[in-house]
Amino acid sequence: MPHQKLRLLDAGGLKLSLQRDLLRLMNVRNSLTIEEYLACDGTVIHDGLPDLLHLSPQADTDLQVLADVVRHGISLFEPRLSRVQVRAERDVVRPARARVVIAAAVMIGQQLCRVDFDVSLDDQVELMPEAAR
């Protein structure tokens, strides 16, 4: 059996891969309630996030729930990230949306590097300009 070449991503490729996978995670909905999701250990059936449309970006308690859900989803389905911090806040430009700011660490070679993602959420998830650093 011939040896297959192992494809390694450079730092930019890894960040782009993380960005795509995070957007996919946040754009997929599962059938769990938020409470069930936060209590689950995650399986392929539970991939994605629960329905978040009833959360209001104007309510501080809902923003905290949103941050908790995104943090839990990352811990379940994005093993490349560690030291994940998630903050949800009001989008001042578009009040019907929430901004989710993600800061985490990822191994690039032998070095642990910080990555940041800034995401805008309503019924669809968008990466904000200059979002992946």
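**Entry 1: helix α3**

Which residues are buried in α3? I looked this up before anything else. I am working from a predicted model. The buried residues in α3 are D62, L63, L66, A67, V69, V70, H72, G73 and I74. I then asked what covers the buried residues of α3. The cover includes α1, α2, β1, β2 and β3.

I also checked the length of α3. The helix has 18 residues. From its first C-alpha to its last it reaches 26 Å, close to the 26 Å expected at 1.5 Å a residue.

**Entry 2: the chain as a whole**

I stepped back to get the overall layout. The chain comes to three helices and four strands. I read the order from the N terminus as α-α-α-β-β-β-β. The chain has 133 residues, and 41% of them count as buried.

**Entry 3: the nonpolar core**

I turned to the largest nonpolar core. It has 30 residues. Which residues have the most contacts inside it? I noted L66, V70 and V100. α1, α2, α3, β1, β2 and β3 each supply at least two residues of this core. The largest share, six residues, comes from α3. I set a general remark beside this: in soluble globular proteins, nonpolar side chains tend to be buried together.

V70 is then in contact with M26, L49, V86, V100 and I102.

**Entry 4: helix α1**

I listed the buried residues of α1: G13, L14, S17, L18, Q19, L22, L23, L25 and M26. I picked out L14, which is found in this helix. Is L14 buried or exposed? Its relative accessible area is 11%. The cut-off for buried is under 20%, so L14 is buried.

I then compared L14 with M107. In sequence they are 93 residues apart. In space they are 9.5 Å apart, C-alpha to C-alpha.

**Entry 5: a loop residue, E78**

I went to the loop between α3 and β1, where E78 has its place. E78 has a relative accessible area of 4%, so it counts as buried. What does E78 touch, not counting residues up to four places away in sequence? I found L18, D21, L22 and G73. Among these, L18 and L22 are on my list of buried residues in α1. G73 is on the list for α3.

I started with β2, residues 98–108.

How many bridges join β1 to β2? I found eight, and the two strands run antiparallel. β1 covers residues 81–90. R90 stands opposite A98 in β2.

On to β3, residues 111–121. Here 11 bridges join β2 to β3, again antiparallel. A98 has L121 as its bridge partner in β3. I102 has F117 as its bridge partner in β3. β3 is mostly covered, with eight of its 11 residues buried.

I looked at the turn next. β2 and β3 form a hairpin with two residues between them. G109 lies in this turn and has a positive phi of about 65°.

**Entry 6: R83**

I returned to β1 for R83, which is found in that strand. Its phi is near 50°, a positive value in a residue other than glycine. Is R83 buried or exposed? Its relative accessibility is 63%. The cut-off for exposed is over 50%, so R83 counts as exposed.

**Entry 7: the largest pocket**

I finished with the largest pocket. About 190 Å³ of space lies in it. Which residues lie nearest its centre? I noted L52, L55, P57, L121 and D122, out of 14 lining residues. L121 had already come up as the bridge partner of A98. The largest share of the lining, three residues, comes from α3.

Terms used: Residues numbered from 1 in each chain as written. Predicted model: local features only at pLDDT ≥ 70, side-chain atom pairs only at ≥ 80, totals over all residues. Heavy atoms only, no water. Pairing = 2+ DSSP bridges. Core = buried A, V, L, I, M, F, W, Y, C linked by side-chain atoms within 4.5 Å. Buried < 20%, exposed > 50% of the residue type's maximum accessible area, 1.4 Å probe, protein only. Contact = heavy atoms within 4.5 Å. Expected span 1.5 Å × (residues − 1). 1 Å grid on protein atoms, 1.4 Å probe; cavity = no way out; pocket = protein on both sides within 12 Å on 5 of 7 lines; lining within 4 Å. Points joined across faces, edges and corners; volume = space filled by probe spheres on them.
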